[in-house]
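Dear colleague,

I am handing over the structure below, together with notes on what was found in it. Please read the notes with the coordinates open beside you.

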Amino acid sequence: MHDGLKVVLKTMASYIEREVPRKTLKLWRTQSPRHFYGGEWDHNGSCVSDRLLEEHELDSWFDPRFGGVNKDARMVNSAIQEALAGTDIQLLNLTYMSEFRADAHPAIWLGKKDAVAVYGQDCMHWCLAGVTDTWVDILAAQILHYFLQGKG
């Protein structure tokens, strides 16, 4: 499957390079990470965390070599980086930055007794202001940089 994904990604990148005008800013954003610990959401995993992860903890949570919960995302991101090599498509790697923020999901911070039991574990949504605002800041900086270079 991984080899098939690589072919699809390379084909998509090639198509974008061929069909989208060169002066167009082309960005590819990586996905938001999941923060389940101790198993997936349906296998006793928990994404309830009230602290930032330390850098030395990330690999045990996410690295494919250790069977981390985000192993698929990291493998896909690696394939994306490989497919974009040599193209003018810029990669916005939001996954790595966001992996640190296991504490930034809303259920733990709702301030209600048994919030997780009532609302469930939620690794899809993020507290605001927070991680998603940083994503927007990075996107804005990329666009500004592009235009300041006189490419757009």
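Does Lys26 count as buried or exposed? Lys26 counts as buried, at 6% relative accessibility, where buried means under 20% relative accessible area, exposed over 50% and partly exposed in between, with a 1.4 Å probe and protein chains only.

Before going further, please note that this is a predicted model, in which local features need pLDDT of at least 70 and side-chain atom pairs count only at pLDDT 80 or more, while totals for chains, interfaces and linings use all residues. Residues are numbered from 1 along each chain as its sequence is written, and side-chain values use heavy atoms, with hydrogens and water left out.

Salt bridges

Side chains of opposite charge can pair when their charged atoms come close. A search of the whole structure finds six salt bridges, each being a side-chain nitrogen of Lys or Arg within 4 Å of a carboxyl oxygen of Asp or Glu. One of them joins the side chains of Lys26 and Asp88, at 3.1 Å from N to O. Because Lys26 lies in strand 1 and Asp88 in the loop between helix 3 and strand 2, this pair ties together parts that are 62 residues apart in sequence; helices (H or I, at least four residues) and strands (E, at least two) are DSSP runs, numbered from the N terminus. Asp88 is partly exposed, with a relative accessible area of 25%.

Arg22, which is exposed at a relative accessible area of 59%, forms a salt bridge with Glu17, with the closest N and O atoms 3.8 Å apart. Glu17, Arg22, Lys26 and Asp88 are linked in a network of salt bridges.

A further salt bridge is formed by Glu82 and Lys6, whose closest N and O atoms are 3.7 Å apart. This pair links distant parts of the chain, with Glu82 in helix 3 and Lys6 in helix 1, 76 residues apart. Glu82 is partly exposed, with a relative accessible area of 46%, and Lys6 is also partly exposed, at 27% relative accessibility.

Apart from neighbours within four places in sequence, Leu84 is in contact (heavy atoms within 4.5 Å) with Ala13, Trp28, Ile89 and Leu91.

Helix 3 is also the place of Asn77, which is buried at a relative accessible area of 7%. With neighbours within four places in sequence again left aside, Asn77 is in contact with Thr30, Gln31, Asn93 and Thr95.

Helix 6

The buried residues of helix 6 are Val131, Trp135, Gln142 and Tyr146. Seen down the helix axis, these buried residues fall within an arc of 65 degrees, so they line one face of helix 6; the arc is that of the directions from the axis to the C-beta atoms. What covers them includes strand 1 (26-29), strand 2 (89-92) and helix 4 (94-99). The face turned away from the buried side of helix 6 carries the exposed residues Val136, Asp137, Leu144 and Leu148. Just after helix 6, Gly150 takes a positive phi of about 75 degrees.
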